[in-house]
Each structure stands twice: as C-alpha cells, then as structure tokens.
Amino acid sequence: MKTDIQIAQEAVLDPITKVAASLQIGEDDLELYGKYKAKISDGYLERMGDRPDGKLILVTAVNPTPAGEGKTTVSVGLGQALSRLGKKAVTVLREPSLGPCFGVKGGAAGGGYSQVVPMEDLNLHFTGDFHAITSANNLLAAVLDNHIQQGNELGIDTRSVVWKRCLDMNDRVLRNVVVGLGAKTDGTVREDHFVITVASEIMAVLCLALDMADLKERLGRIVAAYNFQGKPVTAADLHAVGAMAALLKDAMKPNLVQTLEHTPVLVHGGPFANIAHGCNSLRATKAALKMADYVVTEAGFGADLGAEKFFDIKCRIGNLKPDAVVLVATIRALKYNGGVLKEDLSKENLEALEKGIANLEKHIENLKKYKVPVVVTLNSFVADTEKEVSFVEGFCKKMGCEFALANVWAKGGEGGKHLAEQVLATLEQKDSDFRPLYEDEISLKEKIETVAKEVYGAKDVVYAAAAAKQLSQIEALGFGNLPVCIAKTQYSLSDDPALLGRPEGFSITVREAYVSAGAGFVVVLTGAVMTMPGLPKKPAAYGIDVNEDGVITGLF
C-alpha cells in the first residue's frame, strides 16, 4: 500500500495558473511561489466584493482518537466530489504547523487520494506565512524588552509582562525561561515564556482581520503588559504596529493550491483549536464564498472545540452564516470511545460501538443547538463490517440526521459522491437558521458556563482563585462583551483526556484567563492544556529524511 507522500509525489499537478483560471483568476492577480503555489492579490479580493456568496459547508468531527478520524481527508474528498458532480467548489483549510509534523499528529494535507498538493511544501515552509507571524510576534517581544531597557517610560511592571515569545516547534524546555541574564546592557532579568506559533495572538489576529486597516487596528489593541497602576500597555503604546504589519503584509494574502484532482484549495492561517480558535482565515473563507457556489471548510479537532469556536467566534466576528455541517466519525473512533484498545479496533464489536456512539450523539445534539442542518458521514475503513455501518446509520436516522458513507481516502472524489449528493440534497431541502450559542451582553462566567454545560455536558464550572480574579479584572477593563475561547483537551468532552465517550457529572476547572484584545476574544485555560507542546518519546521527526535527489520521505 502506498503512503500518503508517495501518492502525492506521483501525482501530476496542473500549473497553478490553470487552477486559478478555473476560478476566473488571471495571472496578473497571482503572486507565484513557483509553479504550483500562489498568493491571491489584494486587488482581486477587493474587486470581487459585490459577488453573491456561495453555500458554506463546515466539516467537523467527533473527539479525536489515536485511530484517526480523517477530517481533513473528508474535507478534501468532499470538495473533489462536488467538482466531479459538476459543481463549482473550493475547499478552504488551515496551514499545518511544524510542531505536529515533527511530533505525533503529522501534517494536515489530507490523506490517500484526497490530498492537497504539493504536500511536502504545504506541510513544511509553504509560502512563509508562519515565519512572518513568528517574526511579528517576536518583534513585539523585542520592542517591549527594549522599551524597559531604555528607561521604561510607560512604567511597565516587569512582573506583569503577558506577551510571550513564540516558535513553530514543539519545544517543552522553552515553556518557562529566564531572559536578560548577563551584563546590565543585556536587559532586565525576568521570567519569560514561549508558546507555539499557532497559539500566538498574532496568528488569531491574522485569521480574523478583514484587510490591512483592520489588521493594524487589531495589532494595536494587543495587550503586551500592564503598568504599575494595573493598566494595559498595548502594541500601539509601544509603537510596534507599523513594523509588525510590514512583516505580515504578504502573509495576509490567501494561498491558492490544488487537490490531487485539481480542485482549487485556499490554505491560509492555522490557529490551534485546543488553544486558539482553530479555523482558517476569515479572509480566505470570505474570498472562497465569492469564488465558488460551494465552499467546504473545516474547524479543528472535535466539534466541542473547533465547531463551537467556528460558530461562536469566527461566525460572530465575520458575520458568517453556515448552510450545513458535515460531522465526521469512524467506526474505529466510536469503538475506541466505547473502551476498545487501539490494537483491537479492527475486530467487529457492536457492544463497544453501542457504548461509544454516545460521543457522536452528544456532538449531533450540540450542532443542532446552532440551528444548522447536520449530515453525519462515516469515513470508511477496510475493517468496518456491514453490521457496524448499519448500526451507525440507523442511529443517525433516529437522531434526525442525514447519513452518508465516505471512501475518499481510497477513491478520492469518486468515493465522496454519496456524501456530496447527500450534502447537496440537504442544502436544497433544509434552511439554516444559524445563531451563536450565547449573546455578547452576558458576563464572561455566564459564557464559560454556557459552553461548559451546553456543549461539554459539565455539571458545573470550578474557578481557581487566580482565574476568578483575572476574569473580574478583564471585565473591569471593558472586555466583558467579547466571546470566550476555551482551551481544553481535544480527546474528551471534559477537561480530562481520560474521560472518553459521553462523560456526565463532571466539573470543568478554569485555571487561568487572559484577554486577546487584538483577536477579539478572552482565552480561558482549563485542565492541563499546554500552549507549548512537547515532543513524544519517538517523534515523527525520526522517520523524516531527504535523499540525494532531494526527495523527502517519511512525512505524513
């Protein structure tokens, strides 16, 4: 059986100019990065602003498991299938982070015969957007420390610096560091921290900014520290906005690539979903809606994280109205949630499936709360049995959901036709009455508790003393009307990764909260979620290499 990277490397790609032409984008509106990648010009994005919007289809999933769910693979396959049915479709995805590529999860280009190509470029340096975001983040950190060194005119309390440096790599030893050691000219000694680039507020800002003016306004609002009076010190106060925007100028432009079947794909931005809001850029999504009749996009991890943040943050800020949701599950994932060990997932086990399907049930219930039509799709595996598939289909019908099998990993767009037809039928027969889960006006604690109880199924929320104080301070500073971005483990509906299926009677523990004023949300940290991941004992990096001909191997 061929690996994903072998399939991708054997593919014959169209020149990106040809892919762009299928969307009526001329060469003058492209900024080429070689033959197969391009950025779309600001001028083109501005000129198509009066076009009507296409239909917006969100792809989400059950809670991820070690068995893999293939959410991105289904997203890519659905776009290919819509194209095979003669529809004008564009898929919109996030850019992969180097951390997972070299860690456990691997890349984010899809899999099998439903991939985005060039796969190696996408999963590694791509068009340099992440490097620009990292540089802008660390420029603000450097400017802040220099301001303190050069007299500290703003009266920054060095014990209240909240801006962290970043790196697009899993590197646990950088979570907590001391800077400024050495001579007096080497700066003020203080404790500092690193986050992974995809957890940087700059990433969230870029993904929610509509244009350069909006980007600069958001950058200016970023709270970098507090002064001795407890007042925020912003990036605008530090005169860092112009230089940061200059670094991000090209990164603001969406990237155009293609699938193995030449369906156009916009890949832009990539905030983590268990830490940040987990969606591709608002700019790319809005552009795709003007380019195509059907836009397939995805939100990170399970629906309790990615879909909730897509609805309550991205759609709220961007005034988006999704028309349908595709909820991806696998027989393997449901059996895992039913207590089956990873090595036994290929064996038929209806008892475990019946127990584990409670996880799918909760996600269906959650999505229905947003008043958007739901289609459940089973991403097929060879070991799935007819009895198991029939059980899941029957369950979905009882839940009032449409159901479709997807075999897009093995068969590409052809294997996604059943799903595409079901999605099209749903769009024709059911109207979306989308609405966010909560209103802006309620308190931050009420927002947290609404998500915790309604989406996660928690009985209550417990606040650490520090977190309760932080939430009160955030509201006192005038940020209480912002949505909440809850950082939580992706593996469970709770904040405990060991609680699989549909746990009940649990509490959500909030240990920290801070405002991302530029992005426009309040980050709430629960459980033991990390903003700088670490590498596993045997990271994926061990298996990645490049041969004498320059061909990369081992990337997945």
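Biologist: How many cavities of 30 Å³ or more does a search of the whole structure find?

Modeller: This is a predicted model, where local features need pLDDT of at least 70, side-chain atom pairs count only at pLDDT 80 or more, and totals for chains, interfaces and linings use all residues. Residues are numbered from 1 along each chain as its sequence is written, and side-chain values use heavy atoms, without hydrogens or water. A cavity is a set of points on a 1 Å grid over the protein atoms alone where a 1.4 Å probe fits but cannot get out. The cavities found at 30 Å³ or more number two.

Biologist: What is the volume of the largest cavity?

Modeller: Its lining (residues with an atom within 4 Å of a point) includes Glu95, Leu122, Phe126, His131 and Asp168. Volume is the space filled by probe spheres set on the points, which are joined across faces, edges and corners. For the largest cavity, this comes to about 90 Å³.

Biologist: Which helix gives the largest share of that lining?

Modeller: Helices here are DSSP runs of H or I, at least four residues, and strands are runs of E, at least two, numbered from the N terminus. Asp129, Phe130 and His131 are among the lining residues of the largest cavity. The largest share is three residues, and their helix spans residues 129–149. That helix is α7.

Biologist: Which helix gives the most to the lining of the second largest cavity?

Modeller: That cavity holds about 40 Å³ of space. Two helices, α12 (303–318) and α14 (350–368), each supply at least two lining residues. Ala303, Asp304 and Phe311 are among the residues of this lining. The top contribution is five residues, from α12.

Biologist: What is the phi of Lys371?

Modeller: Lys371 sits in the loop between α14 and β18 (374–379). Lys371 is partly exposed, because its relative accessible area is 41%. Its phi is positive in a residue other than glycine, near 60°.

Technical notes:
1 Å grid on protein atoms, 1.4 Å probe; cavity = no way out; pocket = protein on both sides within 12 Å on 5 of 7 lines; lining within 4 Å. Buried < 20%, exposed > 50% of the residue type's maximum accessible area, 1.4 Å probe, protein only.
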